[in-house]
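Here is a short report on how one chain is packed. Look at the structure first, then read on.

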Amino acid sequence: MTTLLYSIIVAALLSLTSLIAVILRVSPLLSPAQALPAFFLSVFLSIATLMTLGFYFLWKWFPFHAWDEGKILAVSLRQGLFIASGTVIVILFHLLGILNWWIAIMIYVVFLLIETALQQ
């Protein structure tokens with residue numbers, strides 16, 4: 001299981017590096033067809049990997065359940081993907097100009113309800 005955890009750590013470092021490169025080097029004014037998908041993909045990967053690691057260490061630090069490491073990593077990965085999906089949707093809504101604070105809260109509440117429905 002540690003190899004999977006190390007893979008997620010390496011993915012987090014690579015995705016953060018790609019996010020920094022996209023923010024500093026890619027101009028959305030010159031090439032919006034390549035800049036926006038690269039930005040959204042790098043934001044999604046960065047948030048997903050960082051939140052997966054955060055939730056993994058949170059579940060390890062506060063063991064509320066008697067889960068093994070595989071179950072903890074699977075739940076953490078799912079939660080990280082949900083938060084990353086919600087964040088990308090919020091950023092997209094902001095880019096389109098249709099984001100209000102209550103819409104952002106509702107997006108995260110929907111993913112929270114999906115997560116609570118998937119808990120066993």
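## Helices and their packing

Helix α1 crosses helix α2 in a left-handed way. A crossing is left-handed if the near helix is turned anticlockwise from the far one by less than a right angle, and right-handed if clockwise. Helices here are DSSP runs (H or I, at least four residues), numbered from the N terminus.

The model is predicted, so local features need pLDDT of at least 70 and side-chain atom pairs count only at pLDDT 80 or more, while totals for chains, interfaces and linings use all residues. Residues are numbered from 1 along each chain as its sequence is written, and side-chain values use heavy atoms, with hydrogens and water left out.

Two packed helices are described by the angle between their axes and the distance between the axes. Axes are lines fitted to C-alpha atoms, for helices over the stretch in contact, and angles run from 0 to 180 degrees between N-to-C directions. The table gives both values for two pairs.

| Helix pair | Angle | Axis distance |
|---|---|---|
| α1 and α2 | roughly 145 degrees | within 8 Å |
| α2 (residues 32–61) and α3 (residues 69–96) | about 145 degrees | 7 Å |

The crossing of α2 and α3 is right-handed. Its contact residues are 22 nonpolar, six polar and two charged. Ala, Val, Leu, Ile, Met, Phe, Trp, Tyr, Cys and Pro count as nonpolar, Asp, Glu, Lys and Arg as charged, and the others, Gly among them, as polar. The contact of α1 with α2 holds 17 nonpolar, six polar and no charged residues.

**Helix lengths.** The expected span of a helix is 1.5 Å times one less than its number of residues. Helix α3 has 28 residues and reaches 40 Å from its first C-alpha to its last, close to the expected 40 Å. Just after α3, G97 takes a positive phi of about 80 degrees.

**What is buried.** Buried means under 20% relative accessible area, exposed over 50%, and partly exposed in between (1.4 Å probe, protein chains only). In α1, the buried residues are L5, I8, A12, S15, L19 and V22. They pack against α2 and α3. The buried residues of α3 include I72, L73, V75, Q79 and F82. Those of α3 pack against α1, α2 and α4 (101–118).

**The cores.** A nonpolar core is a set of buried Ala, Val, Leu, Ile, Met, Phe, Trp, Tyr and Cys residues joined through side-chain atoms within 4.5 Å. The largest one has 10 residues: L5, I8, A12, L53, F55, Y56, W59, I72, L73 and V75. Helices α1 (2–25), α2 and α3 each give two or more residues to this core. The largest share, four residues, comes from α2. A second, separate core of six residues includes V90, A104, I107 and F111.

What does Y56 touch, leaving aside its neighbours within four places in sequence? Y56 is in contact with L5, E69, I72, L73 and S76. Contact means heavy atoms within 4.5 Å.

E115 lies in helix α4. Is E115 buried or exposed? E115 is buried, because its relative accessible area is 8%. Beyond its neighbours within four places in sequence, E115 is in contact with V75, R78, Q79 and F82. L112 is also found in α4. L112 is exposed, with a relative accessible area of 52%. The C-alpha atoms of L112 and S85 are separated by 12 Å.
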